[in-house]
Amino acid sequence: MPNPEMSNELKAALDAARAAAEVIRGFYQRNVKIEVKADKTPVTEADVRSEEAIRELLTRRFPTYGFYGEETGKSDMNAESVWLVDPIDGTKSFVRECPFFSTQIALMRGGRFVLGVSSAPAYNELAWAEKGGGAFLDGKRIQVSKVAALDGAIVSTGNLKTLAASPAWPRFGGLIGGINRIRGYGDFVHYHLLARAAQDVVIESDVNILDIAALTVIVEEAGGKFTDLKGAEVDLATTSVLATNGALHQSILDTLRFGS
């Protein structure tokens, strides 16, 4: 896993993901107590304790960095480098004993995402990337597909409420009619599949930046393209996703015309 060519930041993020995985595995399928946060999303002791493990390790190794965690909140957001962490992205899956949940750890420097780790402890996948270093899944370098025509594309979707309520919804239906296959893998799953060329497009319209920050780096370092549904660069305020192998990106933006 960690090797001399990795930055110390990536080594720390991988160590933090493994520490979180140990905590999460201790709670998974154990009928954990569920609480509901103010935003009506569930939280468990596994969420809190795994984030605490991540935060302790990262802040110990990089005490001057900021931290933005799903459960423990924000600190030093004006720092040049800020960690972004969702300890269990997919808590609803976690509590239903479905393995499609993950730990997401990203590093933002100067307002740009430069490192990403996506760990799926129940699914036994670990993906990572840092800018300029390529993308890896379980130690093997990965790249997106070369599919360039919509009629050959496999598209996966998730969180489509905002898209469904927009004028782009009929155009989305037209897009689906012209592709090869539609799926709804959701969460980390469809991004890992995209990065390793098992599918070609991910479309989502209701996301939190903590869910996707790490995945932007992984997809882009695998050769793909990652924007919001209007084609804008991803930042802390992003709430929608168009992630593709790059070759299909503009065609889908032109078809959806999201926001118009």
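## What lines the largest pocket

Charged residues make up 12 of the residues lining the largest pocket, alongside 8 nonpolar and 7 polar ones. This is a predicted model, so treat everything here as a description of that prediction. The pocket itself has a volume of about 730 Å³. Its lining counts 27 residues, and the closest to the centre are Asp 89, Lys 92, Asn 159, Asp 187 and Asp 211.

Which elements each supply at least two lining residues? They are strand S5 (81-89), helix H3 (91-95), helix H6 (187-195) and helix H7 (209-221).

Now for the nonpolar cores. The largest one has 33 residues. Leu 58, Trp 83, Phe 94, Ile 105, Leu 115, Val 117 and Trp 128 have the most contacts inside it. Two or more residues come from each of helix H1 (8-27), helix H2 (45-61), S5, strand S6 (102-109), strand S7 (112-120) and strand S8 (125-130). H1 gives the largest share, with 10 residues.

There's also a second, separate core, this one of 31 residues. Among them are Ala 106, Val 217, Val 234 and Val 241.

## A five-stranded sheet

Follow the strands in the order S12-S11-S13-S15-S14 and you've walked across an open sheet of 5 strands with mixed pairing. At the edges sit strand S12 (181-183) and strand S14 (225-227), each pairing on one side only. From one strand to the next, the twist averages 15°.

Strands of a sheet pair through backbone hydrogen bonds, and they can run parallel or antiparallel. Val 201, for instance, has Thr 244 in S15 as its bridge partner.

## Two asparagines with positive phi

Asn 124 isn't a glycine, yet its phi is positive, about 60°. You'll find Asn 124 in the loop between S7 and S8. Is Asn 124 buried or exposed? Asn 124 is exposed, with a relative accessible area of 59%.

Asn 159 also has a positive phi, near 50°, without being a glycine. Asn 159 belongs to the loop between strand S11 (154-158) and helix H4 (161-164). With a relative accessible area of 42%, Asn 159 counts as partly exposed.

How values were computed. Residues numbered from 1 in each chain as written. Predicted model: local features only at pLDDT ≥ 70, side-chain atom pairs only at ≥ 80, totals over all residues. Heavy atoms only, no water. 1 Å grid on protein atoms, 1.4 Å probe; cavity = no way out; pocket = protein on both sides within 12 Å on 5 of 7 lines; lining within 4 Å. Points joined across faces, edges and corners; volume = space filled by probe spheres on them. Helix = DSSP H or I, 4+ residues; strand = E, 2+ residues; numbered from the N terminus. Nonpolar A, V, L, I, M, F, W, Y, C, P; charged D, E, K, R; others polar. Core = buried A, V, L, I, M, F, W, Y, C linked by side-chain atoms within 4.5 Å. Buried < 20%, exposed > 50% of the residue type's maximum accessible area, 1.4 Å probe, protein only. Pairing = 2+ DSSP bridges. Axes fitted to C-alpha atoms, helices over the stretch in contact; angles between N-to-C directions.
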